[in-house]
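Look at the structure first, then work through the points.

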Amino acid sequence: MDLSLRSWLIAISTLACFSTMAIAADMSSSAISERIKPSGNIHLEGAEPVVAATTTPSRTGQAIYDQYCASCHNSGLMAAPKKGDADDWATRVSQGDAVLAEHAIKGFNAMPAKGTCMDCSDAEIVAAINYMIDPN
Ligand code: HEC
(Lines give C-alpha, C1' and ligand atoms only; values in the text may rest on other atoms or scores of the structure.)
Protein backbone atom coordinates (compact mmCIF):
# COMPACT_ATOMS: atom_id res chain seq x y z
CA MET A 1 0.00 0.00 0.00
CA ASP A 2 1.64 3.25 -1.02
CA LEU A 3 1.57 6.32 1.13
CA SER A 4 -0.95 8.40 -0.82
CA LEU A 5 -3.55 5.62 -0.80
CA ARG A 6 -3.11 5.15 2.96
CA SER A 7 -3.60 8.83 3.76
CA TRP A 8 -6.62 8.85 1.53
CA LEU A 9 -8.13 5.94 3.47
CA ILE A 10 -7.43 7.72 6.75
CA ALA A 11 -9.17 10.79 5.49
CA ILE A 12 -12.23 8.75 4.47
CA SER A 13 -12.51 6.93 7.78
CA THR A 14 -12.06 10.17 9.71
CA LEU A 15 -14.91 11.68 7.76
CA ALA A 16 -17.09 8.63 8.41
CA CYS A 17 -16.35 8.90 12.09
CA PHE A 18 -17.32 12.55 12.31
CA SER A 19 -20.57 12.06 10.40
CA THR A 20 -21.56 9.25 12.78
CA MET A 21 -21.01 11.65 15.66
CA ALA A 22 -23.22 14.22 13.99
CA ILE A 23 -26.04 11.72 13.72
CA ALA A 24 -25.59 10.60 17.31
CA ALA A 25 -25.79 14.21 18.48
CA ASP A 26 -29.32 14.49 17.20
CA MET A 27 -30.77 11.88 19.53
CA SER A 28 -32.77 14.26 21.68
CA SER A 29 -36.22 12.92 22.50
CA SER A 30 -38.03 15.52 20.42
CA ALA A 31 -35.88 14.75 17.42
CA ILE A 32 -36.57 11.07 17.90
CA SER A 33 -40.32 11.42 18.26
CA GLU A 34 -40.32 13.65 15.19
CA ARG A 35 -38.56 10.91 13.29
CA ILE A 36 -40.74 8.00 14.41
CA LYS A 37 -44.12 9.74 14.16
CA PRO A 38 -46.47 8.19 11.60
CA SER A 39 -46.26 9.80 8.20
CA GLY A 40 -49.40 11.54 7.04
CA ASN A 41 -52.51 12.39 9.00
CA ILE A 42 -55.31 9.91 9.07
CA HIS A 43 -58.98 10.77 8.93
CA LEU A 44 -61.16 8.00 10.25
CA GLU A 45 -64.31 7.33 8.32
CA GLY A 46 -67.16 9.28 9.86
CA ALA A 47 -64.72 11.82 11.24
CA GLU A 48 -64.33 13.77 8.02
CA PRO A 49 -64.06 17.52 8.40
CA VAL A 50 -67.35 19.18 7.68
CA VAL A 51 -67.28 20.61 4.16
CA ALA A 52 -69.29 23.74 3.46
CA ALA A 53 -72.33 23.02 1.32
CA THR A 54 -71.56 23.71 -2.34
CA THR A 55 -74.97 25.12 -3.09
CA THR A 56 -75.74 28.41 -1.47
CA PRO A 57 -79.20 28.79 -0.01
CA SER A 58 -81.69 29.86 -2.61
CA ARG A 59 -81.96 33.62 -3.06
CA THR A 60 -84.99 35.35 -4.52
CA GLY A 61 -85.20 36.23 -8.20
CA GLN A 62 -85.21 39.89 -7.27
CA ALA A 63 -82.09 39.57 -5.14
CA ILE A 64 -80.22 37.84 -7.99
CA TYR A 65 -81.53 40.37 -10.51
CA ASP A 66 -80.54 43.39 -8.44
CA GLN A 67 -77.05 42.08 -7.83
CA TYR A 68 -76.15 40.52 -11.18
CA CYS A 69 -78.60 41.37 -13.96
CA ALA A 70 -79.68 44.94 -13.33
CA SER A 71 -76.51 46.52 -14.74
CA CYS A 72 -77.54 45.45 -18.25
CA HIS A 73 -81.23 44.68 -18.04
CA ASN A 74 -82.35 47.91 -16.32
CA SER A 75 -81.23 50.16 -19.16
CA GLY A 76 -81.15 47.69 -22.02
CA LEU A 77 -77.37 47.85 -22.33
CA MET A 78 -76.16 46.20 -25.56
CA ALA A 79 -79.82 45.70 -26.51
CA ALA A 80 -80.53 43.52 -23.47
CA PRO A 81 -84.28 43.08 -22.99
CA LYS A 82 -85.33 45.51 -20.26
CA LYS A 83 -86.87 44.53 -16.96
CA GLY A 84 -90.66 44.56 -17.07
CA ASP A 85 -90.75 45.73 -20.72
CA ALA A 86 -93.40 43.54 -22.34
CA ASP A 87 -92.40 44.55 -25.89
CA ASP A 88 -88.77 43.64 -25.28
CA TRP A 89 -89.76 40.26 -23.93
CA ALA A 90 -92.64 39.20 -26.20
CA THR A 91 -90.62 37.48 -28.93
CA ARG A 92 -88.12 36.11 -26.45
CA VAL A 93 -90.78 34.55 -24.25
CA SER A 94 -92.32 32.96 -27.33
CA GLN A 95 -89.17 30.81 -27.65
CA GLY A 96 -90.30 28.97 -24.53
CA ASP A 97 -89.03 28.90 -20.96
CA ALA A 98 -86.47 26.18 -21.66
CA VAL A 99 -84.71 28.21 -24.36
CA LEU A 100 -84.72 31.36 -22.23
CA ALA A 101 -83.27 29.45 -19.30
CA GLU A 102 -80.62 27.78 -21.45
CA HIS A 103 -79.56 31.10 -23.00
CA ALA A 104 -79.31 32.73 -19.59
CA ILE A 105 -77.40 29.81 -18.05
CA LYS A 106 -75.01 29.08 -20.94
CA GLY A 107 -74.80 32.59 -22.33
CA PHE A 108 -76.16 34.00 -25.59
CA ASN A 109 -74.35 36.57 -27.77
CA ALA A 110 -73.55 39.53 -25.46
CA MET A 111 -75.50 37.87 -22.63
CA PRO A 112 -72.83 36.37 -20.35
CA ALA A 113 -73.31 32.86 -18.93
CA LYS A 114 -75.40 33.06 -15.76
CA GLY A 115 -75.23 36.84 -16.06
CA THR A 116 -71.79 36.44 -14.37
CA CYS A 117 -73.39 34.95 -11.22
CA MET A 118 -71.21 31.86 -11.28
CA ASP A 119 -72.43 30.56 -7.92
CA CYS A 120 -76.09 30.90 -8.93
CA SER A 121 -78.00 27.66 -9.21
CA ASP A 122 -80.06 27.09 -12.34
CA ALA A 123 -83.18 27.60 -10.22
CA GLU A 124 -81.91 30.99 -9.05
CA ILE A 125 -81.26 32.06 -12.66
CA VAL A 126 -84.77 30.99 -13.64
CA ALA A 127 -86.18 32.95 -10.68
CA ALA A 128 -84.26 36.02 -11.85
CA ILE A 129 -85.60 35.59 -15.41
CA ASN A 130 -89.17 35.34 -14.12
CA TYR A 131 -88.61 38.45 -12.04
CA MET A 132 -87.24 40.52 -14.92
CA ILE A 133 -90.01 39.48 -17.30
CA ASP A 134 -92.68 40.30 -14.74
CA PRO A 135 -91.35 42.19 -11.72
CA ASN A 136 -94.75 42.93 -10.23
C1 HEC B 1 -73.22 42.22 -19.31
C2 HEC B 1 -74.61 42.50 -19.52
C3 HEC B 1 -75.62 41.47 -19.05
C4 HEC B 1 -75.80 40.95 -17.79
C5 HEC B 1 -74.98 41.23 -16.53
C6 HEC B 1 -76.94 40.08 -17.87
N7 HEC B 1 -77.43 40.05 -19.14
FE8 HEC B 1 -78.98 38.93 -19.83
N9 HEC B 1 -78.73 39.69 -21.68
C10 HEC B 1 -77.78 40.61 -22.05
C11 HEC B 1 -77.91 40.91 -23.47
C12 HEC B 1 -77.06 41.89 -24.25
C13 HEC B 1 -78.98 40.12 -23.94
C14 HEC B 1 -79.51 40.04 -25.37
C15 HEC B 1 -78.73 38.97 -26.10
C16 HEC B 1 -79.22 38.81 -27.52
O17 HEC B 1 -80.44 38.69 -27.72
O18 HEC B 1 -78.38 38.79 -28.42
C19 HEC B 1 -79.46 39.36 -22.78
C20 HEC B 1 -80.53 38.47 -22.87
C21 HEC B 1 -81.02 37.77 -21.79
C22 HEC B 1 -82.13 36.86 -21.84
C23 HEC B 1 -82.94 36.52 -23.09
C24 HEC B 1 -82.30 35.35 -23.81
C25 HEC B 1 -83.09 35.00 -25.06
O26 HEC B 1 -83.09 33.80 -25.40
O27 HEC B 1 -83.68 35.88 -25.70
C28 HEC B 1 -82.33 36.38 -20.59
C29 HEC B 1 -83.38 35.38 -20.17
C30 HEC B 1 -81.33 36.99 -19.76
N31 HEC B 1 -80.55 37.83 -20.49
C32 HEC B 1 -81.20 36.74 -18.40
C33 HEC B 1 -80.25 37.33 -17.59
C34 HEC B 1 -80.14 37.07 -16.18
C35 HEC B 1 -81.04 36.14 -15.40
C36 HEC B 1 -79.09 37.81 -15.72
C37 HEC B 1 -78.56 37.91 -14.31
C38 HEC B 1 -78.36 36.67 -13.57
C39 HEC B 1 -78.54 38.53 -16.86
N40 HEC B 1 -79.28 38.21 -17.96
C41 HEC B 1 -77.44 39.37 -16.80
C42 HEC B 1 -76.83 41.18 -21.23
C43 HEC B 1 -76.65 40.90 -19.89
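Predicted model: local features only at pLDDT ≥ 70, side-chain atom pairs only at ≥ 80, totals over all residues.

Residues are numbered from 1 along each chain as its sequence is written, and side-chain values use heavy atoms, with hydrogens and water left out.

**Overall fold**
- The protein chain has six helices and zero strands. Helices (H or I, at least four residues) and strands (E, at least two) are DSSP runs, numbered from the N terminus.
- From the N terminus on, the order of elements is α-α-α-α-α-α.
- The protein chain has 136 residues, and 18% of them count as buried. Buried means under 20% relative accessible area, exposed over 50%, and partly exposed in between (1.4 Å probe, protein chains only).

**Around the ligand**
- The shell around the ligand holds 27 residues, of which C69, C72, H73, H103 and M111 come nearest. A residue is near a molecule if one of its heavy atoms lies within 4 Å of it.
- Four helices each supply at least two shell residues: α3 (61–73), α4 (86–93), α5 (97–106) and α6 (122–133).
- Helix α3 gives the largest share, six residues.
- By class, the shell has 19 nonpolar, six polar and two charged residues. Ala, Val, Leu, Ile, Met, Phe, Trp, Tyr, Cys and Pro count as nonpolar, Asp, Glu, Lys and Arg as charged, and the others, Gly among them, as polar.

- An N or O atom in the side chain of H73 is 2.8 Å from a nitrogen atom of the ligand. A polar contact is a pair of N or O atoms within 3.5 Å.
- R92 has a polar side-chain atom 2.7 Å from an oxygen atom of the ligand.
- For Q95, a polar side-chain atom lies 2.9 Å from an oxygen atom of the ligand.

**Helix α5: which side is buried?**
- L100, A101, H103 and A104 are the buried residues here.
- Seen down the axis of α5, they fall within an arc of 165°, so they line one face of the helix. The arc is that of the directions from the helix axis to the C-beta atoms.
- A98 and K106, on the other side of α5, are exposed.

**A123 in helix α6**
- A123 lies in α6. A123 is exposed, with a relative accessible area of 54%.
- S58 is 65 residues from A123 along the chain, and their C-alpha atoms are separated by 8.1 Å.

Definitions and conventions: Polar contact = N/O pair within 3.5 Å; in protein donor to acceptor, adjacent residues only side chain to side chain.
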